[in-house]
Amino acid sequence: MSSDVDSIINEKNDVISNGFLTSQITYHKEFAPFARRPLTTLLIEQVSNGLGLTLGKAFVWVNFSLLFLAGLLLFRFSRVMDSGYVKGIMNIIIFFLSFSVLFAFFPPIFSYDEPLQYCLLFAGLTCFLKGQWLGYVLWFTAAMIARENTAFLIPGLLAFSPDLSPKNRKPYSFERLLDYLLIGLPILVYAVFLMVFLEQNGLWEPTQLEFESRLFSIGENFRDTHSSIETLISIVLTLGVFVYFIFGPHGHDREKSEEDFVRAFVVSCSINTVAVLVGALAREARLFSLPLIFLWPIMGQYCSKEISLLLSCRTYFACFSKVRYMAFFCMLTLLNYIVSFKVYQPSSHPAYNYFNEYLFAALMIMYVHYLLRHLSGHNSVEVTPS
C-alpha cells in the first residue's frame, strides 16, 4: 500500500483503488479467457454483497485471505509428508517470498485467480498423497475451473505417486491403468463443465478467436532484444533459485518422496514453460510458477542444510577472509548489478516496483551459496532436526 509503488491494489496511492479493481472484476466477467474462470469473481461478489463492501475492498479481503489459507494448506501438506514443524514453516516462508507470490498484485504480474488456485491445488495434492481419490478429483477439477492451466500438472502427477511405484503395481496391470484414469479424471470432468459453460454463456466463438490469437504470443515474447531479455529473466525470477537448489552442484541425496516431487516438477515445468512461451505473454511471470506447486512442499526439508550454510557466520569468515575470494565475490556482484539494473528493464516502470532488486538478491543468493560451498571448505552444515 506504499504510495511509492504501483500495484493494482493502490495505483501509487495509500488507499485501495476501488475504481481500478472494479474495472478488473468487470473485465474478468466479460472477456472470454477470464469469463470461463468464474470462481474468484463469484467469491468477490458474494463477499461484497454479503458484507456490504465495495468490490475493491472485497477483492483485497478475498485474495489476501486465500493467500493466507494457501500458506496454512501448504503447512498441512508438509506435515502429511512428515516434515517437522520448523521445516513446514520454512516452506511457508519460501512460498510467500517466491517472486510470483510476493509481487502477485504488481503489473504485469496481475494475479487474480492464482490465490484460489493454490488453495485448491494444495488441498487436492493432500488428498492425492493420502490416496483419497474423490477429494483429489473434486479439488483438482475446481482448480481447473479456477484456472485451466492446472491441466499442465496432471502429467506431473502421472510421473509420481507412491501408489504407482512398480513395487506396488505391475507396469501394465488393470489396477495401474485405473490409477492413471483416476489421475486424469479431473480433465474429463472439467472438459464437460467447460463445454456446458461456454454453450450457456455464448463463449464458443470468442474462445476460438482467443485461442487463435495466442499463437502469435511467441513472436511478442521474442520480437526484439528487450522482449527476449525480459522473457528469459522472467523465467529466472520465477524459477531460478528453486532450480539452482534442486539441481545445483551441492550433491544433496534425495529421499524417494522428494524424487517423486522433483520428477513431477520437471515434467510439468517442461510442458508449462513451452506453453507459456508459445501461447502467453512471458512478462506475466506468474505463468511460469505453476509447477512450483510440486517444490514448495519439499524446499524446507530438501534444502535445510543449504539454507543453514547461507546463515553460517563461520562459513562466511572461512570463505571471505581470503583476499582472492573476496575479489572474486566483488567481481560477481558488479556483474550481477549490471545484469539486474542495466540489462534487465521490465515493461512496468522499474521505479514503481522492486523487480530489479529481487533479481539482484536472487542471483546473489545463488553465487554466494556456490562460493560458500566450494571455496570455504565446508561442504555441509549440520542442522538441528526439527
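Residues are numbered from 1 along each chain as its sequence is written. Because the model is predicted, local features need pLDDT of at least 70 and side-chain atom pairs count only at pLDDT 80 or more, while totals for chains, interfaces and linings use all residues, and side-chain values use heavy atoms, with hydrogens and water left out.

The contact, meaning heavy atoms within 4.5 Å, involves residues including Leu43 and Val47 of H3 and Phe59 and Val62 of H4.

Now to the salt bridges, each being a side-chain nitrogen of Lys or Arg within 4 Å of a carboxyl oxygen of Asp or Glu; by this rule the count comes to 13. Which residues does Glu148 belong with in a network of salt bridges? The network links Arg36, Arg37, Glu148, Glu210 and Arg214. Within it, Arg36 meets Glu148 at 3.5 Å, N to O, and these two residues are 112 residues apart, whereas Arg37 meets Glu148 at 2.9 Å, N to O. Arg37 is buried, with a relative accessible area of 4%, where buried means under 20%, exposed over 50% and partly exposed in between, using a 1.4 Å probe and protein chains only. Arg36 is also buried, at 8%, while Glu148 is partly exposed, at 21%.

Terms used. Helices (H or I, at least four residues) and strands (E, at least two) are DSSP runs, numbered from the N terminus.
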